[in-house]
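Dear colleague,

I am passing on the structure we spoke about, which you will find just below.

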Amino acid sequence: MSILITGANGQLATEFIRRLGKSTAGRLIALTRAQLDITDAKMVSDALSRFRPGVVINCAAYNLVDDAEKDFDTALRVNAVGVRNLAAACRKVDALIVHYSTDYVFDGTKEELYTEEDAPHPINKYGETKLAGERVLADESDNFLLFRVSWVFGQGRQNFLYKISEWAKQNKVLRIASDQVSIPTSAEDIATTTLAALENGMRGTYHLTNGGYASRYEVARYYGEKCGLSSLILPVPSDFFPAAARRPYFSAMSNRKISNALAIRIPHWRDAVDRFVRRMEVR
């Protein structure tokens, strides 16, 4: 079975390509935005008709949370219209679509781990576009895997850990929000769990996160200690920073459903950060 990956330059796609590049030998098609713009329905239809993959893993996304407040139309085109285009094209060639959403579809008021049964209620435009993508996916197809993920980090620059490293190069003191709580989730573990779900023929909606939960501040402190950063890291409230988009207070999600379905234990976020740091040191 061939696998087509969209958004090939992103950190999640990079992890899939690293994993699948050798094992699928000629059956992996990884396309960048320039090669496949998912907001272009004809381009999507033509690509899937040409390659006829058995699985499409959609790693293309608009994930600039603050920018989405003023550029909602662009975010919606990528996160919802693009998903509809992919789902419709997948239906025509009988392909399974794997798509990723976010903990930001929740408002953060529950003060318990969110489950798949909880009703979404986003409080920012980015979350609205991701929820719209979930809904058009379900409308277009029943042959899908939808994973909600949170605070994804991996090889690349669009993640919190990379930003911490960059800030530390220029600042002796880093001030990090202590009132935003979720679960840092490794692209490596997302790829591992996704592939296991595919092997087991799973369908439906699942929360896919590492174990535990933490504030942005706690994550920064732990990562800084593991990397030996010399900067002092201090907790501050979110309103210390001017931001266009509101963030949920506690949007951590339970991964119990997928863990039980696969009979696995997804590693704790600290374990995932440890592995990330070791891989950075090797490079």
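Lys-42 and Asp-46 are 4 residues apart in helix 2, so about one helical turn separates them. In this predicted model, the two residues form a salt bridge in which the closest N and O atoms are 2.7 Å apart. Lys-42 counts as exposed, because its relative accessibility of 58% lies over the 50% cut-off, whereas Asp-46, at 40% relative accessibility, counts as partly exposed.

Lys-70 counts as exposed at 69% relative accessibility, while Asp-67 is partly exposed, with a relative accessible area of 30%.

Which parts of the chain does the pair of Arg-247 and Asp-66 link? The salt bridge between Arg-247 and Asp-66 has its closest N and O atoms 2.6 Å apart. The pair links distant parts of the chain, 181 residues apart, since Arg-247 sits in the loop between strand 12 (232-236) and helix 9 (256-262), and Asp-66 in the loop between strand 3 (55-58) and helix 3 (67-70). Arg-247 counts as partly exposed at 26% relative accessibility, and Asp-66 is partly exposed as well, with a relative accessible area of 25%.

Side chains of opposite charge can pair when their charged atoms come close. The structure holds 17 salt bridges, and beyond the pairs described above there is a network of salt bridges that links Glu-15, Arg-18, Arg-19, Glu-188, Asp-189, Asp-271, Arg-275 and Arg-279.

Turning to the helix packing, helix 2 (residues 41-51) packs against helix 4 (residues 72-93) at an angle of about 30°, and their axes are 9 Å apart. Angles under 35 degrees count as roughly parallel, and helix 2 and helix 4 are therefore described as roughly parallel to each other. Helix 2 passes helix 4 in a right-handed crossing. On the side of helix 2, the residues that meet helix 4 are Ala-41, Val-44, Ser-45, Leu-48 and Ser-49, and their partners in helix 4 are Asn-85, Leu-86, Ala-89, Cys-90, Lys-92 and Val-93. By class, the residues of this contact of helix 2 with helix 4 divide into 7 nonpolar, 3 polar and 1 charged.

Helix 4 also packs against helix 5 (residues 125-140), in this case at an angle of about 15° with the axes 9 Å apart. Helix 4 and helix 5 are therefore roughly parallel to each other, and helix 4 passes helix 5 in a right-handed crossing. Helix 4 contributes Phe-72, Ala-75, Leu-76, Asn-79, Ala-80, Val-83, Arg-84, Ala-87, Ala-88 and Arg-91 to the contact, and helix 5 contributes Lys-125, Tyr-126, Glu-128, Thr-129, Lys-130, Ala-132, Gly-133, Val-136, Leu-137 and Glu-140. The contact of helix 4 with helix 5 has 11 nonpolar, 3 polar and 6 charged residues.

Notes
Residues are numbered from 1 along each chain as its sequence is written. This is a predicted model: local features need pLDDT of at least 70, side-chain atom pairs count only at pLDDT 80 or more; totals for chains, interfaces and linings use all residues. Side-chain values use heavy atoms; hydrogens and water are left out. Axes are lines fitted to C-alpha atoms, for helices over the stretch in contact, and angles run from 0 to 180 degrees between N-to-C directions. Helices (H or I, at least four residues) and strands (E, at least two) are DSSP runs, numbered from the N terminus. Angles under 35 degrees count as roughly parallel, over 145 as roughly antiparallel, 65 to 115 as roughly perpendicular and the rest as oblique. A crossing is left-handed if the near helix is turned anticlockwise from the far one by less than a right angle, and right-handed if clockwise. Contact means heavy atoms within 4.5 Å. Ala, Val, Leu, Ile, Met, Phe, Trp, Tyr, Cys and Pro count as nonpolar, Asp, Glu, Lys and Arg as charged, and the others, Gly among them, as polar. A salt bridge is a side-chain nitrogen of Lys or Arg within 4 Å of a carboxyl oxygen of Asp or Glu. Buried means under 20% relative accessible area, exposed over 50%, partly exposed in between (1.4 Å probe, protein chains only).
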